[in-house]
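Colleague: Hi! I'm new to this one, could you walk me through it?
Modeller: Happy to, let's have a look together.

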Amino acid sequence: MRRYGWLVALAVVLGLFLAGRQIAWLVTEWAWFREVGYTSVFWARFWMRLGVGVAVGLLFAFAIGVNLVLAQRWIFQRLRRFYPPGWIGALMVWLEQGFRFTLLVIVAMFGIVSGWAAAREWETVLRFVFGATIKTGINDPLFGKGISLYLFALPFWRFIYNYLFAALLLALVLTGLFYAFHAVADMVVAGRYPPTLRGQVRALLLSATPIVRAHLLFLVALLLFAIAGHFRLSMFELLYGRRAGEVVWGAGYTDVHLRLPALWVCMLVFLAGGLLMLWSIRARASLRAGIVLGALFVTAWLTLTFVPALFQRYVVKPNELAMEKPYIAHNIRMTRIAYGLHKVQMDAYPFHGAVTPDLIANNRTLLESVRLWDYRPLHENLRQNQAIRTYYTFADVDIDRYRVGGSYRQVMIAARELDIEQLRPSWFSRHFLWTHGFGVVVVPVNEVEREGMPVLWVRDIPPFSQFRELQVKEPRIYFGELTNDYIVVRTRQKEFDYPTSGKRGGGRGTGEGSETMARTTYRGRGGVPIGNPLMRLAFALRFGEVSLALNRDILPESRLLFRRQIHERVRAIAPFLLFDKDPYIVIADGRLFWIMDAYTYSDRFPYAEPTVWEQTVLFSGGETVERVDINYIRNSVKVVIDAYHGTVRFYLADPTDPIVRVYARIFPSMFRPLSEMPKSLQAHLRYPANLLQLQAERLLLYHITDPEQFYQQEDRWAIAQEVYGEERQLIEPYYVMMRLPGGREGGQASSGRPVEFALILPFTPYGVPGKQERHNLVALLMARCDPPHIGDLFILRMPPGEQVYGPAQIEARIDNDAEISKDLTLWRQRGSDVIRGNLLVIPLDGALLYVEPLFLVSTQTRLPELKRVIVADQQRVVMDETLPKALARLLGRTVAPTPSLPTDEHFANAELRGLAEAMERTLTEAETSARQGDWAKFGERLRQLRSLIQQLQERLKASTPSPATR
């Protein structure tokens, strides 16, 4: 034994080397979960995957192994002394002499493959264990069973059936093949191998000994019992889906009156068939058993497929509405519950026509936050003017609201992230030097510079804030949408922080080496310690980077930050949730946080019409399209990610959702009540636009609750259309500041209510595209976004007997306006592209105000500038340089607006106050820096103060009226 010891040792070393990367992945994964504080989640998933995989693997191994061992024992009771020549004889010798090895290989192969596949169903098992008995308060309308049966129990039992059936079928096939091979070998040895296929089959049947027949019939009986269980599960699964030619999602008339009884009959017949197979073992009636088996499958096909199809076509179809009406009602009710539509309140909008001066005066605060900037042109504008250097960029522009300067204002905010690929960095600079983005840009949605550029409340590097509420004390973004690489921090080399040379506000660097760089060292709570050489080696194996293990700049206190891309970060912790594609960054308590909406979902809600949730998500490897089949969804979780520390917190936004309640039982330390979220962050929660889009698509038909009207689809809606650029497209849900319509809360007039943040989407009547399209406005879907009413949905229905212009009709009126068309043509002839931004429909105390911004884009610089604002009501369409001027023209005024209108001067007051506060704050910081001897910071604050003084002078000069307007 000792002489082979070195071989054994070599084999062990080789095995460890080959498995090293997997071990390294497991170790580093555990270290990462420990960093984010979710080790309990890691171990729960690890042990559950292992347990499910081992259990299913043992099931397959047992089913196959036991049957093959028994078959081998019964076949080899007669030892052969003569083997035929050729490959058949060689295979027989090998099977007899190496049976144990062969059996081990087969059992191990099928056990490992099946266990590996089944391990992915760990969620199904856990949801059954923790959720099968949960009370939901909702029962299905056919069987009266609780929804938990369909969401948690039925998927588990289907999972058990699938793997049990596969194990039994595989055992039967392999055992039958084993017996058949030896029967053929016996015929070859005896020299009586039949020449025809029919003779070969007959010879095989006759060669089966009683013990072989008993073995195979027993396996067939078990298989039939399992199929009987399938029919029982299929009874409940009638409540999913819809067959061709049927109108009901879920069980319809044919399902209830024909397929359901047929499933009961098939279940009983297959149970009887299994018992008959067992009886055939003793009666030795194999032929009868085969005939019965064939008859069973023919019966099942006829009763479940052919007969119901004929019944549906010739009995139900001619009387469809009368026979399907109660099931259509079930479909409507359960679909509305599944998508949260049952909470939508339907209100009649008191529409009275044109916008009047009194309406404008009463809604002055609301009009201060009408969004003029479209996120698409603004994104390009900021990319050119506020990226500062070529290696910074903005992944997205988000919409939020803040209380600044005593006002509740809607803003657009964008995070300045590092686009490291623009630098073509070395391995060292990618992972040790260029580590984070820096700051945000905040733009008020309704303010514009005279040259058409956005007003910037937060700008530049380091970030300068005009309002104390928007001050960013920690602007570094280590975790974001573009932080795709792992980084090593707290090393001998300090990280690049931000550029300190070049012109502020719009300068460009020429490269990595031309910058004067401020340096920093990460002091956050994120990262996995890699001072230990073994941990460093584990990460080197995980990332395939030898340089990481050999680098000499790593210190004992060094940390490695990976999975910094926030989409990947949250999905790694909670892969069982569906995450929104649009996280948004928030300034709270002087820090930057990402807020992301997460959803629980299922495709197992009875009687609910399914859909496909499809979204394009930016991961570190590029854009990926996510497609998930669902028929139930809830926005049950709000996720907050610290942009500096990387901490991830999951908050329960809808504790009534049964799915999230089950996950909270499975992972009790993972979810926190929403009340524990800091108030500064709660103020920025909002209703997700993607969810409202999904709900709106269902509401196009499911706003109808009467089964007859639903069947006839006489009041079907469509999502309104607009013109963006030069192309017509469906309107996306858009955030606005608004007041609730009158009569909703205690009868208080809407003009007396506070302005709140909301999400709106307009509807028009359905028409055949290109033929019978109708574009008048029929309703507005609204979602409230301010706590504590976040998620309240309501529909404002327009009066059915009046013509109310829809967005597409307003776009047509804009095209037909002679003055506006002339200007658009002139701009195009001068070499500029014209972009027509979002057309907003804004309710104003019974009237509707339509606002559309107009952007000009030079064909050379491609820099969008907001040049005009188009305003319309039911009577007029006008265009002017600013919203106040456009409103004045809409009201028929040819002079400057009176104080009753929100004038340009009124819009500038908040910014002037902000400039004054910023100057005072910057001066105080400069004096403090001088007292502390920090002359570098003193010089920086002095430059900021000069910039503020220059901006104040420009504002005062711009606000001075010219002789033509006095």
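**A first walk through the model**

Colleague: Let's begin with helix 14: which of its residues are buried?
Modeller: Helix 14 covers residues 375-385, and its buried residues are Arg376, Pro377, Leu378, Asn381, Leu382 and Gln384. Keep in mind that this is a predicted model.

Colleague: And what caps the N-terminal end of helix 14?
Modeller: That is aspartate 374. One of its side-chain oxygens lies 2.9 Å from the backbone nitrogen of arginine 376.

Colleague: Switching to aromatics, how many aromatic pairs are there in the whole structure?
Modeller: A search finds 44 of them. Among them is phenylalanine 60 with tyrosine 163, an edge-to-face pair with 6.3 Å from centre to centre and 75° between the planes.

Colleague: Where do phenylalanine 60 and tyrosine 163 lie?
Modeller: Phenylalanine 60 is in helix 2 (residues 39-75) and tyrosine 163 is in helix 6 (residues 147-190), so their pairing ties together parts 103 residues apart in sequence.

Colleague: Are phenylalanine 60 and tyrosine 163 buried or exposed?
Modeller: Both phenylalanine 60 and tyrosine 163 are buried.

Colleague: Why is the pair of phenylalanine 128 and tryptophan 157 called edge-to-face?
Modeller: Because the planes of their rings stand at 75°, with the centres 5.6 Å apart. The cut-off for edge-to-face is over 60 degrees. This pair also links distant parts of the chain: phenylalanine 128 sits in helix 5 (residues 122-131) and tryptophan 157 in helix 6, 29 residues apart.

Colleague: How does tryptophan 157 count, by its relative accessibility?
Modeller: Tryptophan 157 counts as partly exposed, because its relative accessibility is 42%.

Colleague: Which residues form the aromatic cluster?
Modeller: One cluster is formed by Trp32, Phe33, Phe42, Trp43, Phe46, Trp47, Tyr486, Phe539, Phe543 and Phe562.

Colleague: On to strands: what is the order in the open sheet?
Modeller: The order is 10-14-13, with 3 strands paired antiparallel.

Colleague: How many bridges join strand 10 to strand 14?
Modeller: There are 3, and strand 14 spans residues 559-561. For isoleucine 487, the bridge partner in strand 14 is leucine 561.

Colleague: Last one: which residues form the nonpolar patch on the surface?
Modeller: Val298, Trp301, Leu302, Phe306, Val307, Leu310, Tyr314 and Val315, with about 750 Å² of accessible area together. Valine 298 is placed in helix 10 (residues 286-316), and valine 298 is partly exposed at 48% relative accessible area.

Definitions and conventions
Residues numbered from 1 in each chain as written. Predicted model: local features only at pLDDT ≥ 70, side-chain atom pairs only at ≥ 80, totals over all residues. Heavy atoms only, no water. Patch = residues over 30% accessible without salt bridge, like charges linked within 9 Å, V, L, I, M, F, W, Y side chains within 5 Å. Areas by Shrake-Rupley, 256 points an atom, 1.4 Å probe, with all protein chains shown as cover. Salt bridge = Lys/Arg side-chain N within 4 Å of Asp/Glu carboxyl O. Helix = DSSP H or I, 4+ residues; strand = E, 2+ residues; numbered from the N terminus. Buried < 20%, exposed > 50% of the residue type's maximum accessible area, 1.4 Å probe, protein only. Polar contact = N/O pair within 3.5 Å; in protein donor to acceptor, adjacent residues only side chain to side chain. Pairing = 2+ DSSP bridges. Phe/Tyr/Trp six-rings, centres within 6.5 Å; stacked < 30°, edge-to-face > 60°.
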